[in-house]
Amino acid sequence: MSDEELIHELSSRSYRFYLETIDAKNKVKIPAIKMNGKGQYLPGDLLKVCSIKKLKYLSIESGVLPEFSQEEIQACKNSNLHTILIDNVKLNNLQICEIAKGLKAPKIRIDFNYIPLTDSELACVSQIQNLDTFIVWEGAKITDEGMCQFSQNAKNLTFLRMDDIDFLTKKSTDCMLNLPSLKDVILMRWKKVPESQMEKFVSAYEAKHKRKIEASIYDPVGYEKP
């Protein structure tokens with residue numbers, strides 16, 4: 001099937017194909033599709049999604065999705081995807097990681113939002129060779145041990161965003177000094193790490209690597225997590 005035929009078939013079941021803005025400053029938009037687990041998914045749908053040749057961005061959100069078949073996983077590995085967003089959906093995160101590890105894009109972005117991400121899943125993510133951008137929002141269950149292992153492995157990571165983090169402590173920020181390629185970090189509302197410590201992390205990182213990084217560590221609206 002052509003891209004247009006695949007998009008038409010999926011759109012008939014409320015999948016949404018659209019252009020996602022990934023660089024607001026330069027107004028860069030890429031072909032994206034949004035799928036969810038609220039009864040729209042049929043076995044084999046991911047195979048169709050990943051067969052859309054022009055697709056770059058996959059958003060999976062809401063509800064529950066079953067295990068994907070090996071055929072679906074392989075189709076996604078052979079796709080042109082470079083960004084995967086997992087948002088408030090129950091699925092096999094290790095399968096998502098397996099897909100990302102096989103992507104051929106030179107820069108890969110993975111975004112987990114309201115996902116109870118575990119240390120074992122984080123360890124898998126750290127093995128994505130071309131991981132350039134990693135974003136974790138509220139819900140992650142990762143520990144200092146998991147974050148320290150991640151920091152040893154994610155050698156090509158340039159952008160890290162972690163907001164509303166419950167369990168990580170100063171030990172994690174110390175380990176994050178070992179990420180060699182960071183250029184930009186957003187680290188807000190960590191339950192166990194105050195903004196003052198985040199300031200020290202940024203200064204220590206710049207001193208160790210002898211270069212400046214872009215850093216956002218202050219909540220711009222003064223939000224305090226309950």
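With a torsion of 80° about the S-S bond, the link of Cys148 and Cys175 is right-handed. Please keep in mind that this is a predicted model. A search of the whole structure finds 3 disulfides, and with the bonded cysteines numbered in sequence order the pairing reads 1-2, 3-4, 5-6.

**Cys148 and Cys175**
- The sulfur atoms of Cys148 and Cys175 lie 2.0 Å apart and form a disulfide.
- Cys148 sits in helix H6 (residues 144–153) and Cys175 in helix H7 (residues 170–176), so this pair ties together parts that are 27 residues apart in sequence.
- Cys148 and Cys175 are both buried.

**Cys97 and Cys124**
- Another disulfide is formed by Cys97 and Cys124, with 2.0 Å between their sulfur atoms.
- Helix H4 (residues 93–102) holds Cys97 and helix H5 (residues 119–125) holds Cys124, so the pair ties together parts 27 residues apart in sequence.
- The torsion about the S-S bond of Cys97 and Cys124 is about -100°, so this disulfide is left-handed.
- Both Cys97 and Cys124 are buried.

**Cys50 and Cys76**
- Cys50 is joined to Cys76 by a disulfide, with an S to S distance of 1.9 Å.
- This pair links distant parts of the chain, 26 residues apart: Cys50 is in helix H2 (residues 45–50) and Cys76 in helix H3 (residues 70–77).
- About the S-S bond of Cys50 and Cys76 the torsion is about 80°, so the disulfide is right-handed.
- Cys50 is buried, and Cys76 is buried too.

Methods:
Residues numbered from 1 in each chain as written. Predicted model: local features only at pLDDT ≥ 70, side-chain atom pairs only at ≥ 80, totals over all residues. Heavy atoms only, no water. Disulfide = S-S within 2.5 Å. Helix = DSSP H or I, 4+ residues; strand = E, 2+ residues; numbered from the N terminus. Buried < 20%, exposed > 50% of the residue type's maximum accessible area, 1.4 Å probe, protein only.
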